[in-house]
Amino acid sequence: VVTFSLMYTIGAYLRLGDFEITHWRTSSIVYGILALVSASTLWAAVFLFWRQTSAPARHYCNPLVILLAVFLFVAFSRFKISSRISVGINGLAKGVFSMFLLHGWALPRIHIQRFVSGSPMAMIAHIFFSALTVFLICTGIDYIYHWFTNPFFRWLERKVSLPDINYEDYK
């Protein structure tokens with residue numbers, strides 16, 4: 001939650017502050033991503049050597065991970081996506097929050113241990129189909145949740161008037 005709030009704040013700053021990321025050269029972005037991935041790998045190796053774990057290198061509060069997220073955001077913001085594909089991406093994105101909330105329930109039930117020790121192709125297939133299955137189940141639960149709660153929220157919206165907030169007022 002803290003990292004999400006931090007990333008949201010950074011995004012709001014970029015939007016409100018008219019911060020231009022379009023002037024960054026593509027080669028600078030690629031070199032930045034490669035440097036951050038290399039630094040994160042080195043950080044993980046150092047932690048693995050000294051502390052017998054590489055977990056702190058993968059934590060979301062790690063500055064290298066946050067910078068890598070910013071660089072990846074800049075890289076993906078340069079892609080021009082057609083509206084048809086964008087509608088599909090936005091449709092899939094609706095299930096991501098429920099996936100975040102429910103994946104802890106699903107992970108013990110997909111028997112990862114059995115496939116990790118098997119062949120690499122079986123493990124890759126298991127990862128793909130497990131992720132797809134868990135995502136579809138979580139998205140289905142999300143649709144059921146919205147089917148039940150939308151009438152209440154529409155009723156509440158009619159009863160409570162909320163002010164419209166325009167971010168232009170805060171520039």
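Trainee: In which loop does Ile-81 lie?
Mentor: In this predicted model, Ile-81 belongs to a nonpolar surface patch that also includes Phe-79 and Ile-85. The elements giving two or more residues to that patch are α4 (63-77) and α5 (83-93). Ile-81 itself is placed in the loop between α4 and α5.

Trainee: About how much accessible area do the residues of the nonpolar patch on the surface have together?
Mentor: The patch is formed by Leu-72, Phe-76, Phe-79, Ile-81, Ile-85 and Ile-89, with α4 and α5 as the elements that each contribute two or more of its residues. Taken together, these residues have an accessible area of about 600 Å².

Trainee: Which element supplies the largest share of the largest nonpolar core?
Mentor: That core consists of Ile-29, Ile-33, Leu-36, Leu-64, Leu-68, Phe-71 and Val-74. At least two of its residues come from α2 (26-51), and at least two from α4. The largest share, four residues, is supplied by α4.

Trainee: Is Ser-130 buried or exposed?
Mentor: Ser-130 is found in helix α8, which spans residues 120-159, and its relative accessible area is 12%. Because buried means under 20% relative accessible area, Ser-130 counts as buried.

Trainee: Which backbone oxygen does the side chain of Ser-130 reach?
Mentor: The side chain in question belongs to a buried residue of the model, located in helix α8. At 2.6 Å, the side chain of Ser-130 reaches the backbone oxygen of His-126.

How values were computed:
Residues numbered from 1 in each chain as written. Predicted model: local features only at pLDDT ≥ 70, side-chain atom pairs only at ≥ 80, totals over all residues. Heavy atoms only, no water. Buried < 20%, exposed > 50% of the residue type's maximum accessible area, 1.4 Å probe, protein only. Polar contact = N/O pair within 3.5 Å; in protein donor to acceptor, adjacent residues only side chain to side chain. Patch = residues over 30% accessible without salt bridge, like charges linked within 9 Å, V, L, I, M, F, W, Y side chains within 5 Å. Areas by Shrake-Rupley, 256 points an atom, 1.4 Å probe, with all protein chains shown as cover. Salt bridge = Lys/Arg side-chain N within 4 Å of Asp/Glu carboxyl O. Core = buried A, V, L, I, M, F, W, Y, C linked by side-chain atoms within 4.5 Å.
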